Amino acid sequence: MKILKIQTGKVRIKENQITKSKGFTPQMLKVLFGKKWADWSPIYAWVIDHEEGIIVVDTGETYKTGTKGYLPKWHPYYALAVEFDVKQEDEIGPQLLKMGIDPKKDVKKVVLTHLHTDHAGGLHHFPNSEIIIEKKEFGNASGLKGLLAGYLPHRWPKWLDPTLIELPNDRYFTFSKSMPVTKDGKVMIVATPGHVANHISVIAEVDGLYYFLAGDTSYTQENLLNGIPDGIGTKESVDTLKDIVLFSKLNPTIYLPSHDPLVPNRIDNKETIS
Ligand SMILES: [Zn+2]
């Protein structure tokens with residue numbers, strides 16, 4: 001089994017979204033009207049090359065975010081608080097083809113950590129894969145309710161008919177809910193609520209090393225280790241960060257969130273949380 005990273009362009013958000021700040025102003029107002037933009041961050045997606053078939057975790061973003069009318073600019077978040085830089089060749093489909101993987105034929109499963117556009121924006125490349133989504137997350141992201149919450153359900157492919165999962169109360173080390181993705185149990189989905197209420201992460205064990213494909217549990221490893229949640233998540237974020245840190249004390253863990261600029265060093269040097 002091998003873990004490969006794919007960067008599907010860049011995103012820029014406000015400092016107040018990356019790191020929750022103190023004070024009485026509601027967090028969402030700070031995110032929308034915060035004056036300080038963070039640096040451009042990468043948007044990562046993952047390939048798990050497993051004996052039972054290729055699994056993709058998150059699908060990154062589409063270049064269409066840069067075309068007129070694609071993003072709902074009437075929505076305050078898209079009007080004020082996020083910018084994308086994605087070229088057509090940055091999308092996950094063309095990048096997989098370059099790696100010798102045909103997204104339409106060779107990818108058995110796609111797991112989405114959650115449905116925010118920078119994770120679901122490349123879904124259209126996988127019409128023949130099993131798409132695995134947490135059931136409540138799918139509900140929360142669908143329809144008008146989803147659109148108002150900042151998801152883009154009207155941009156999902158028409159053919160989307162996901163396998164909706166509910167994680168059972170099966171403990172996997174420090175995580176109280178989990179489910180295997182592969183028969184050998186080397187690829188697991190765990191519940192990591194916080195960034196969104198039903199966020200999930202994928203852990204892949206390769207030769208005793210645990211690759212923690214974290215989605216948006218935190219934007220950086222620094223914030224994970226400091227136990228600082230992001231500026232938009234739920235109260236459960238802090239407990240999830242603790243679960244991940246405790247997990248890393250039990251198992252050598254390479255922490256790979258979707259937007260951490262230090263991901264390449266970490267994966268190339270097999271740098272574990274210490
Ligand atoms: Zn997100």
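**Exercise 1.** Determine which charged end sits over the ring of Trp37, and which other residue lies over the face of Trp37.

*Solution.* The model is a predicted one. Begin with Lys14: its charged end is placed over the ring of Trp37, 5.1 Å from the ring's centre. A charge counts as sitting over a ring only if it is within 6 Å of the ring centre and within 35 degrees of the ring normal. Next, take Arg12, which lies over the face of Trp37 at 4.5 Å from the ring centre.

**Exercise 2.** State how many aromatic pairs a search of the whole structure finds, and explain why the pair of Tyr44 and Trp46 has the class it has.

*Solution.* As for accessibility, Tyr44 and Trp46 are both buried. Finally, ring pairs join Tyr172, Phe173, Phe175, Tyr210, Phe212, Phe247 and Tyr255 into a cluster.

**Exercise 3.** Describe the largest pocket by its space, its lining and the elements that supply the lining.

*Solution.* First, the space in the largest pocket is about 470 Å³. Second, 26 residues line this pocket, and the closest to its centre are His116, Ala149, His195, Val196 and Ile232. Third, the lining divides into 14 nonpolar, 9 polar and 3 charged residues.

Key: Residues numbered from 1 in each chain as written. Predicted model: local features only at pLDDT ≥ 70, side-chain atom pairs only at ≥ 80, totals over all residues. Heavy atoms only, no water. Phe/Tyr/Trp six-rings, centres within 6.5 Å; stacked < 30°, edge-to-face > 60°. Buried < 20%, exposed > 50% of the residue type's maximum accessible area, 1.4 Å probe, protein only. 1 Å grid on protein atoms, 1.4 Å probe; cavity = no way out; pocket = protein on both sides within 12 Å on 5 of 7 lines; lining within 4 Å. Points joined across faces, edges and corners; volume = space filled by probe spheres on them. Helix = DSSP H or I, 4+ residues; strand = E, 2+ residues; numbered from the N terminus. Nonpolar A, V, L, I, M, F, W, Y, C, P; charged D, E, K, R; others polar.
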